[in-house]
Amino acid sequence: MTLQDLRDQIDALDDQLLQLLNQRMSFVRQVGELKRSTNSIIYRPERERQILDRMNAQNGGPLSESALEAIFLEIFAAARNMELPERVAFLGPEGSFTHQAAESRFGAVSAYMAQPTIRSVFESVETGRARFGVVPIENNQEGVVNETIDLLNEKNLMIAAEAEIAVHFTFATQTDNLADITHIYSKDIAFRQCSKFLNDSFDGLQAEMVPVESTSKAAKMAAQQPRTAAICSHIAAKLFGVPVLFDNIEDSNLNRTRFLLLAKDFRNEPSGRDKTTLIARLQNSNSPGVLAEFLQEFNARGINLTKIESRPLREGATFRYWFLLECEGHADDPALQEILNHHAADVKWLGSYVRVS
């Protein structure tokens, strides 16, 4: 079989894919009309997860699971925008890892709004300027993002879904010779997470490490200034047109960040692999055994707690705390429902959503 024969077969398959995708979108349009007539929610992460699980179970290769999911997530995004165009706020600037996480869930066709702070993302969703917001919640190397946790307590938004991405840093520069580089720009956390590369590559050289507020700004500065470099995301280097000299320079290839997708008045149906996030403001939290007794209720019902974080209550001059908890299961599960009913005055439900980690 010749190269042209193979290309002809690929072209024929592409023609079929186009017809099938348009046929799928015609059904999506009908679904959108039904949802609008009943004022139903367009974005259904649990339904998307069911489709992905079904596709992965049937997949015989050579497409990998991650490649298959990337293709279908883009199809889902295009479908949602046909039903109802989405505006998504994210912690900016453009090219940030949060931007990357947002696109991984909402695709390239959604309308994105870069916001300067985590608070402004919450407020964009709260005021309706954006339908969804994407913020970081924790990094497995650096820990939790306290500002996100505090705003979950302060604001009345729901968690619609979570996303997790591997954090890979690139070394981007217009200069081929490392010895010619005078300044390296990046966020302080990126310098820490790439310290081995920097120590090995610039030992004895005179390059100055210059912290800036974001890795995206670092890429922009490296694009504007010769003999400089940026430690940034691949998407930022591409966005600002800075050549990538080295990929994956982070110390740990296990570096991952988890993000929350926020919305107003959002509720997922159970998917069978859910996570629930709660805030507990326990009465008399300074009394011995109050927290232990509360946590024991989860253990007694066989509910696995996956996270607990304490935050200061900031009321008066005393040292008192409230708690953010994550557990496996859905708020509609009878066992978890018992706890929520028993502590209705003390517990705030932030959402039950498909668990990705």
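Close-up 1. Glu123 counts as partly exposed, at 27% relative accessibility (buried means under 20% relative accessible area, exposed over 50%, partly exposed in between, with a 1.4 Å probe and protein chains only). Lys155, at 10% relative accessibility, counts as buried. The two residues form a salt bridge whose closest N and O atoms are 3.9 Å apart; a salt bridge is a side-chain nitrogen of Lys or Arg within 4 Å of a carboxyl oxygen of Asp or Glu. Glu123 sits in helix α5 and Lys155 in the loop between α6 and β5 (158-166), so this pair links distant parts of the chain, 32 residues apart. Helices (H or I, at least four residues) and strands (E, at least two) are DSSP runs, numbered from the N terminus.

The model is predicted: local features need pLDDT of at least 70, side-chain atom pairs count only at pLDDT 80 or more, and totals for chains, interfaces and linings use all residues. Residues are numbered from 1 along each chain as its sequence is written, and side-chain values use heavy atoms, with hydrogens and water left out.

**Close-up 2. Glu154 and Arg119.** A salt bridge joins Glu154 to Arg119, with the closest N and O atoms 2.9 Å apart. Glu154 belongs to helix α6 (residues 146-154) and Arg119 to helix α5 (residues 118-126); the pair links distant parts of the chain, 35 residues apart. Glu154 is partly exposed, with a relative accessible area of 42%, and Arg119 is also partly exposed, at 32%.

**Close-up 3. Asp332 and Arg267.** The side chains of Asp332 and Arg267 meet in a salt bridge of 2.4 Å, N to O. Asp332 counts as partly exposed at 36% relative accessibility, and Arg267 does so at 35%.

Close-up 4. Across the whole structure, a search finds 22 salt bridges.

**Close-up 5. The sheet with strands β12 to β15.** Four strands form an open sheet in the order β13-β14-β12-β15, with antiparallel pairing; two strands pair if DSSP finds at least two bridges between them. At the edges are β13 (305-312) and β15 (347-354), each pairing on one side only. Strand β12 (residues 274-280) is joined to β15 by 7 bridges, and the two run antiparallel. Lys275 stands opposite Tyr353 in β15.
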